[in-house]
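Here are some questions and answers on one protein model, for reading beside its sequence and structure.

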Amino acid sequence: MTIKESSDELNPAVVTRMSVAPTHGRRTLFDYVALGVATCGVGLLPLAPGTWGSLVGVALYLGARALSRQLLASATAQGWHGAQLASLQTTCVVGSLLALTFIGIWAASRAESLLGRKDPGAVVIDEVVGQLIAYTFVPYGGWWMIIVGFLAFRAFDIWKPYPIRRLERLESGLGIMADDVLAGCYAAALLSLLTAIYLLF
């Protein structure tokens, strides 16, 4: 039996039947790339690494939003229509999230092996992706939306309502990523509801 680590966890530890054997020998370039992606540069910071990972997600969202505004302005100047722009934006967002999720699964799986621990707390790529998902379905509404989205994702990630906790039992990097992806979906649903109420009233 192996007890999983987790970032910023309030719930009891998850025990799985899978053990993780640490990788011995010289590390390759891909090992260092995997560790860099998995920790996102903040996973080894003291105190609440998951919260640091979420803040990286917020920063990426703000950067991507600024870049997309410039690209959309350029496309509009070249004669693209609203429907084309909306379709392009949706494709880019979904494609980027899928790519980050699959890269995260690979990096988290490799990091488990390298660190010799199940779901190491230093792995925060899952929080980054989950936080990005939380903002996916709402228009930018200012800092209130950023703060509410951040708090909603952190709450769902720590509280882990059904069936998020069950997803942690999935094997390796898939289990690391899946629970945060669903927590991000829950946060996105809540943020969408609050945004709709705000816009209506």
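Q: What percentage of the residues of the protein count as buried?
A: This is a predicted model, in which local features need pLDDT of at least 70 and side-chain atom pairs count only at pLDDT 80 or more, while totals for chains, interfaces and linings use all residues. Residues are numbered from 1 along each chain as its sequence is written, and side-chain values use heavy atoms, with hydrogens and water left out. Buried means under 20% relative accessible area (1.4 Å probe, protein chains only), and of the 201 residues the share that counts as buried is 41%.

Q: How many residues of helix α4 are buried?
A: Helices here are DSSP runs of H or I with at least four residues, numbered from the N terminus, and α4 spans residues 125-134. The buried residues of α4 include Ile125, Val129 and Ile133, and they pack against α1, α2, α3, α5 and α7. For α4 the count of buried residues is 10 of 10.

Q: Which side chain makes a polar contact with the side chain of Lys160?
A: Lys160 sits in the loop between α5 and α6 and is buried, with a relative accessible area of 6%. A polar atom of its side chain lies 2.9 Å from the backbone oxygen of Asp157. A polar contact is a pair of N or O atoms within 3.5 Å, where within protein one must be able to donate a hydrogen and the other to accept it, and residues adjacent in sequence count only if both atoms are side-chain atoms; at 3.0 Å, the partner side chain is that of Asp179.

How values were computed
Buried < 20%, exposed > 50% of the residue type's maximum accessible area, 1.4 Å probe, protein only. Helix = DSSP H or I, 4+ residues; strand = E, 2+ residues; numbered from the N terminus. Contact = heavy atoms within 4.5 Å.
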